Amino acid sequence: MEKRIIGRGVLLGALGGSLAFVFARILTEPIIDRAIAYEEGRDDAQMALDKAAGKSMDMEHGAELFTRAQQQNVGLGFGMIVFGAALGALFAVVYFLALRKSGKISPRNLALLVSGGMFLVLYAVPFLKYPANPPSIGHPETIGARTALYVGMMVISAVVLCAAIWAGRKLAARLDNWTATVAASAGFVVVMGAVLALLPSLGHLSANKEYGDFATETPQPLKDPSGTIVFPGFSADDLYHFRLYSFAAQLIVWAVIGVGFAWLAPRLLGDRATETAQAA
């Protein structure tokens, strides 16, 4: 049964990744093209300022291994399908482990709860503090710090969610299930709210002090020595829509995994699904 569960998880994840790729290819890639064009234009403007200031011009650009068309079609499609399959496999493992301690929760409801919980801790909560950014946003010297902070957010979210589930089960023995669930959920929100407030904003990392006191690494207008704007800041509309579409793409993957597995659960689990339904 374990192999069937994991196999179906991989297939559903790959399907979710495929649908997310179609969504991203249509809506997100045009924004990435504009972000790349913005970065190139800003670099040209910065070079002009440096040249006028008499600075050395030794910037070199290496040849691209893959064309932009290859990146946004083959590369993006392959990457999202593999990524979705990996998420599906991870979901299947967590689902199988949770199945042993699910009590009277039906396998279908458990699939929705597990997929929703994993989406919450692996993407939604970290997204609140460190949302996705298109190319040209973010400085190379902060890549390591940004990655560490995002992974840290995922780990903390997972630990706090597990603690909330444990507390909810303990409270359910003394209170009714509804009250225990509300109390545990409130505890999760309060703790994660405190974590979000305490963790540093990307713009306040030590490497970003030279760029000014900003909460994010979003490029500000480029100015010449006299203070005149020679190149605009990054488009707020593009940034908003990129983050919105990135969130939606992740939601598509997890929705396909959760709903698909809930639909397949009775066939995969057989007697276990029937016994749970009769007990409920």
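Modeller: One term first: the bend at a residue is the angle between two axes, one fitted to the seven residues ending there and one to the seven starting there. Helices are DSSP runs of H or I with at least four residues, strands are runs of E with at least two, and both are numbered from the N terminus. With that, take helix H4, residues 107-129: this helix bends by about 45 degrees at Leu120. H4 has 23 residues and reaches 33 Å from its first C-alpha to its last. That is close to the 33 Å expected at 1.5 Å a residue. The expected span is 1.5 Å times one less than the number of residues.

A word on the source. This is a predicted model, where local features need pLDDT of at least 70 and side-chain atom pairs count only at pLDDT 80 or more, while totals for chains, interfaces and linings use all residues. Residues are numbered from 1 along each chain as its sequence is written, and side-chain values use heavy atoms, without hydrogens and water.

Now the setting. The protein chain has eight helices and two strands. From the N terminus, the order is α-α-α-α-α-α-β-β-α-α. The C-alpha trace spans about 80 × 40 × 25 Å along its principal axes. Of the 280 residues, 36% count as buried. Buried means under 20% relative accessible area, exposed means over 50%, and partly exposed lies in between (1.4 Å probe, protein chains only).

Which residues of H2 are buried? They are Glu29, Ile31, Ile32, Ala35, Tyr38, Gly41, Arg42, Ala45 and Asp50. Their cover includes helix H1 (2-27), H3, S1, strand S2 (229-231) and H7. After H2 comes Gly54, whose phi is positive, near 80 degrees.

Side chains of opposite charge can pair when their charged atoms come close. A salt bridge here is a side-chain nitrogen of Lys or Arg within 4 Å of a carboxyl oxygen of Asp or Glu. Arg34 and Asp238 form one, at 2.9 Å from N to O. Are the two partners buried or partly exposed? Arg34 is partly exposed, because its relative accessible area is 43%. Asp238 counts as buried, because its value is 13%. Leaving out residues up to four places away in sequence, Asp238 touches Ile31 and Arg34. Contact means heavy atoms within 4.5 Å. Ile31 is also one of the buried residues of H2. As for H7, this helix covers residues 236-269.

How many salt bridges does the structure hold? There are two. The other joins Glu217 and Arg146, at 3.3 Å from N to O. This pair also links distant parts, 71 residues apart: Glu217 is in the loop between helix H6 (177-198) and strand S1 (222-223), Arg146 in helix H5 (residues 143-172). Glu217 is buried, because its relative accessible area is 5%. Arg146 is partly exposed, because its value is 22%.
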